[in-house]
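Dear colleague,

I am handing over the structure below for your records.

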Amino acid sequence: MVDAATLPRAGAMARIFGAAEAALEAGPLTVWEMPVPAQINLRGDPGDKAFLDTVRGVLGCALPLEPNRSVTGEEITVLWLGPDEWLVLGKPGSEGDLVAKLRGALSAFHCAVTDVTGNRAQFRLSGVPARLLLAKGCSLDLHPSQFGPGQCAQTLVVRAGVILHQVDEAPTFDLMPRRSFAEYLWHWLQDAMAEYR
C-alpha cells in the first residue's frame with residue numbers, strides 16, 4: 001500500500017507548466033503558485049479556554065477569534081473561517097505531523113481535525129495594483145482602510161470560490177481556490193494582468 005505522506009505534492013498548475021514554476025509577471029504585478037502548504041481544517045469551541053490553550057501549545061500561536069483575521073507564528077499561519085472553524089497552514093509536507101499532534105493533544109475535546117491539504121491550490125499575487133486587479137473580479141471592498149494585512153475572507157473571484165488572505169502591505173495576497181478551479185483562476189489572472197504589461 002502506498003503511504004500518502006511520501007507522495008510528492010504537485011501544484012495544481014504542474015499539468016500545464018510541468019516541472020517549471022508557475023509564474024506570471026506584468027509590469028509591477030507578479031503571481032506565482034506557491035508550494036502546496038499543509039492545510040488542516042480545525043473545528044472546536046472558541047469559548048473553551050482549555051481548547052484554545054491546548055491548540056496554542058501545539059501550534060505555537062493562538063487561534064484568531066476575530067472574524068476574517070489571521071495569526072502567524074514561526075512556521076504556522078491560522079486563518080479564521082467561521083465562529084468555530086480555522087484553516088491551519090504549515091510547511092509543505094508537515095500535514096501528517098500536524099494532524100497527529102493536534103489529534104493527540106485534543107483527544108479529550110469535542111472537535112474535528114481534518115487534513116485538507118489536497119483541497120486547495122495557493123497563488124500569491126503581489127504588486128501595487130494588486131487590489132485594482134482583484135477588484136475586476138471580486139466584490140469585496142479591498143481598500144486598505146477596509147482590508148489590510150492579516151485579514152482573510154472566503155469570497156468569490158470571477159465565480160471561483162477562494163480564501164483570500166492579505167499577507168503584507170505591498171500588497172501581497174494569497175488566493176486559495178479549490179484545485180478544480182485553479183486553472184480557471186490562473187487564466188483569468190493572466191488575462192486581467194494584460195493591461196499592466
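**Salt bridges in the predicted model**

Please bear in mind that the model is predicted. Three of these pairs are described here.

One of them joins Asp-84 to Arg-43, with 2.8 Å between the closest N and O atoms. Asp-84 belongs to the loop between β5 (77-82) and β6 (85-90), while Arg-43 is in strand β3 (residues 38-43), so this pair ties together parts that are 41 residues apart in sequence. Asp-84 is partly exposed, at 30% relative accessibility, and Arg-43 is also partly exposed, its relative accessible area being 33%.

Another salt bridge links Lys-91 and Glu-75, whose closest N and O atoms are 3.7 Å apart. Since Lys-91 sits in the loop between β6 and α3 (95-105) and Glu-75 in the loop between β4 (70-72) and β5, the pair ties together parts that are 16 residues apart in sequence. Lys-91 has a relative accessible area of 43% and is partly exposed; Glu-75, at 47% relative accessibility, counts as partly exposed.

In helix α3, Lys-101 and Asp-97 are four residues apart, which means that about one helical turn separates them. Their salt bridge has its closest N and O atoms 3.2 Å apart. Lys-101 is partly exposed at 46% relative accessibility, as is Asp-97 at 44%.

Finally, salt bridges with shared partners connect Arg-43, Asp-84 and Glu-85 into one network.

With kind regards

Technical notes. Residues are numbered from 1 along each chain as its sequence is written. This is a predicted model: local features need pLDDT of at least 70, side-chain atom pairs count only at pLDDT 80 or more; totals for chains, interfaces and linings use all residues. Side-chain values use heavy atoms; hydrogens and water are left out. A salt bridge is a side-chain nitrogen of Lys or Arg within 4 Å of a carboxyl oxygen of Asp or Glu. Helices (H or I, at least four residues) and strands (E, at least two) are DSSP runs, numbered from the N terminus. Buried means under 20% relative accessible area, exposed over 50%, partly exposed in between (1.4 Å probe, protein chains only).
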